[in-house]
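This report describes selected local features of the structure shown below.

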Amino acid sequence: MSDARSQTADRKRSGVLLARVVLLAAFVLAGCTGQAQGAPPPAFDTGVDPDAWAQVPAGEFLCGQHEKETTIALPYEIMVTDVTNAQFARYLNEALVQGAVMLKGDRIVGYYPGDIFHGHKHEDKIEAGDWLHVPLSDSILRLTYDGRSFDVKQGYENHPMTVVTWFGAKAYCEFYGWRLPSEIEWEKAARGTDNRAFPWGETIERQSANFYASRDPFEAVAGKQGDTTPVGFYNGRVYNGFWTEDARSAFGLYDMAGNVWQWVSDINEGTHDRYLRGGSKINYEYDLRIWSRNSARPDYYSPSVGFRCAR
Amino acid sequence: MKAVSDRFRYLFRSTKGLILVAITLIAIVTATWGMLSGPLKEWGIGDVAIRLYGMRLVEAEREGRIILLYHTIAMAVVAIEVYLITALVPMKPQQQANINATITVGYIVAMIFGLAFGYFGHNFVFHGLFVFGQSLVFFAGLMLAVALWPWRREYHVQDPAYAHTRGGVDLERVAFFTMAAATLGSALFGAVPGSLWGRGQETFLAEDIVRIPFKTPLQLAVIGHLHIMLALIAVALTLILGRWFGFKGRLHTLAMPMMIAGTLIITGGVWAVVPFEPIAHMIINIGSFPVLVASWLLVYYGWRKIMQGRLAAQGISGAPCFRQKLSALLCDPLRFGMLWQMVYMNFVVTAVGIFMAIRLDEVIRRWPLREEKVVLTGHWHILAGIIATIILLLYADMAGLEGRARQWFGWVVIIASDIAFAAVSLYETKRLFVSEAGQQPLVNITMLVTDAALATTLLALATLLVWRLVDLFRRDGRWAWESAEAALEAPQAEMIP
């Protein structure tokens, strides 16, 4: 009888021990990675100039997953990289002085004349008024503001500007006399004139772009969804033993797949949503395919959304 | 040679053998193709698997491949339901044999050649065979509808314990017939855009176009098709469980008219998506309510029956206390579990769906499309997963799993799968609780729990299949008497619970 009791007690103890081991393992495996918000990220100089522009000629290209022949009538230029935090901080300092944007509480806002409202199901009115550009209170923002001027958190100078709305992205481009690229302009710049699935070719590897669980040096700090990589990071260089592919598009653009989604200019009838292209650091590879599209309200912002300009 | 033909006869002529074959094929496809996504892809196993199998994957064809993949699995699930229906609902033995043979050839041809076309280069003969296989499944459905025709006098009932019309038409049979007819029409609803593939109809996943304000009629038809097919698979399974539990009495007379009306209204609502999209969802919601209520009545009936049966077996009479009732209810995880999974579906599928519908503009559409797609994809994966677990528990019950194996298998499937479904629900709705920047720990823990729980469920399934595989090598194994009881002259004889 006592043997049976001791066996039962042993079994219970084993069960409790097993449960503890499983729980501990789960927490060790799962809980130790969140997005680092305090410590500076690893600093890498990519050697890519964020002020450079690429030329895209007029003419036909194969648009979308189903490769529809599409013509863009005029040539245009598009930024070689996403707009960086340093560029955006410089812009804010100039734009605030000139009154192009305003500081309202902890928000950077600017005037937008509104969209034409069609009253379609699920469509919201985007009315004329001051709309959010950048929320200064969001701790994931890589900019700092000391009451007089904007600066960039250490180590993020050459990372893409994120936590910026469509209104903010549009205002940045227009401040300098440029514009956001249209969706088809963005796509042609990414794809070139053949039918490739990614800006650099047909297949994607961990060394080609910043995507979910791509094991870049920033994921070691911030977990599988990682952090933004500096613009032009995937250029064939080796960073602390992490080698990268030269992942430029046919027209020489970097980061047209992964890192951050990019706002495009299109306003579409029947919806208030704006489109985002390119996929980001928190998406799997299939979202990085050239035709992949995301959409969001124009006042949406996120640490995985940025932009580049065209002219 | 006789040994092979005996086993072949068991696997392809008995209901239990046919279901075993279908479950095994689904398990093989799931195990093989599961390597191409999720954690196994993250670990690099997906790339190894692609090279090992010699798959030829083109990025632009991913959506098409996925559509082929889940059609092949869906065909096998439909076949399992058809086997159960032909065994549980009275019909002529020849009708049962014809239907089962046709759908078996159909789903296997569709599965083999659909996957071959999608993943191993585009041989259009294979595509033709994939369509041919699906056509056979459809033809089997037509034969099933004919066999289920409820207005034949020989199938009339007079027993007041079963729902019937004054003229004696069996309303449960009408419910089966309605479901079968609705499924055939809804299959055509998808077949029309499918037949225009490459000629005006482009491959897409429904979740990718959910926010496009102006959808083409063909796009709407595809969206309607996938919704109604999954809903009708669930309706069919509910009716099958009703037969399995011997559903009857006052609740039966209430439930069957609701099942019929609900099935008709939901189907009508989905078909109305093309011409009347703005009001279609409202019609579907109206139709869903009576179907849900009918399923709750079945759950109540089934649980009461399990409880009363166990209490009687224990010799407990009079007024048992709550603990005794609960203990009796939980004594058999397979039979309890089939119905519990239907209840659980209300928490992780129905409730989430209602929340999405009610707060679509205020909450869901404030998120980017990518987040909404996660919710939509998670939503129907859970629904499909729950249906699969119900079928597994039903099969294990049919297969006569006994003793500790019955307890272990039943509870492992229920607990592990429900943990997985809860974790996926949390993952898909994570934006309600955490920001994107702070989501990594939640993503990690929910993914870890989901993967571990699904792996445990699949391990239980693998154990069940290995048991049956080993049994097939025994001269007088369980398969032998299952085969013997499956005399086609008496289709229902092999299925008496």
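A:Ala213 is placed in the loop between helix 4 (183-191) and helix 5 (219-222) of chain A, where helices (H or I, at least four residues) and strands (E, at least two) are DSSP runs numbered from the N terminus. The model is a predicted one, in which local features need pLDDT of at least 70, side-chain atom pairs count only at pLDDT 80 or more, and totals for chains, interfaces and linings use all residues. Residues are numbered from 1 along each chain as its sequence is written, chains are lettered from A and ligands numbered from 1 in the order in which they are written, and side-chain values use heavy atoms, with hydrogens and water left out.

The phi angle of A:Ala213 is near 60°, a positive value in a residue other than glycine. The loop between helix 4 and helix 5 of chain A also holds A:Arg215, which has a positive phi of about 65° although it is not a glycine. Accessibility is classed as buried under 20% relative accessible area, exposed over 50% and partly exposed in between (1.4 Å probe, protein chains only). A:Ala213 counts as buried at 6% relative accessibility, whereas A:Arg215, at 47%, counts as partly exposed.

**Cysteines**

The structure holds one disulfide over all chains, a disulfide being a pair of cysteine sulfur atoms within 2.5 Å. A:Cys173 and A:Cys309 form this link, with their sulfur atoms 2.2 Å apart. The angle about the S-S bond is -85°, and the link is left-handed. A:Cys173 lies in helix 3 of chain A and A:Cys309 in the segment after strand 15 (305-306) of chain A, so the pair ties together parts that are 136 residues apart in sequence. Both A:Cys173 and A:Cys309 are buried.

| Cysteine | Relative accessible area | Closest cysteine sulfur |
|---|---|---|
| B:Cys321 | 36%, partly exposed | B:Cys331, 15 Å |
| B:Cys331 | 22%, partly exposed | B:Cys321, 15 Å |

The 15 Å from the sulfur of B:Cys321 to that of B:Cys331 is too far for a bond.

**A sheet in chain A**

Strands of a sheet pair through backbone hydrogen bonds, either parallel or antiparallel. In chain A, an open sheet of three strands has the order 5-6-7 with antiparallel pairing; two strands pair if DSSP finds at least two bridges between them. Strand 5 (102-104) and strand 7 (129-135) of chain A stand at the edges with a single partner strand each, so one side of each is left without a neighbour in the sheet. On average, neighbouring strands of this sheet are turned by 45° against each other, direction ignored.

Three bridges join strand 5 of chain A to strand 6 (residues 107-112) of chain A in the antiparallel sense. A:Lys104 stands opposite A:Arg107 in strand 6 of chain A. Helix 3 (residues 166-175) of chain A packs on the sheet and touches strand 6 and strand 7 of chain A, contact meaning heavy atoms within 4.5 Å. The direction of helix 3 makes about 95° with that of strand 7 of chain A; axes are lines fitted to C-alpha atoms, for helices over the stretch in contact, and angles run from 0 to 180 degrees between N-to-C directions.

**A helix pair in chain B**

Helix 13 (residues 333-358) and helix 15 (residues 403-428) of chain B have axes that come within 10 Å and cross at roughly 5°. That makes helix 13 of chain B roughly parallel to helix 15 of chain B (under 35 degrees; over 145 is roughly antiparallel, 65 to 115 roughly perpendicular and the rest oblique). Residues in contact include B:Trp340 and B:Tyr344 in helix 13 of chain B, and B:Trp411 and B:Phe421 in helix 15 of chain B.
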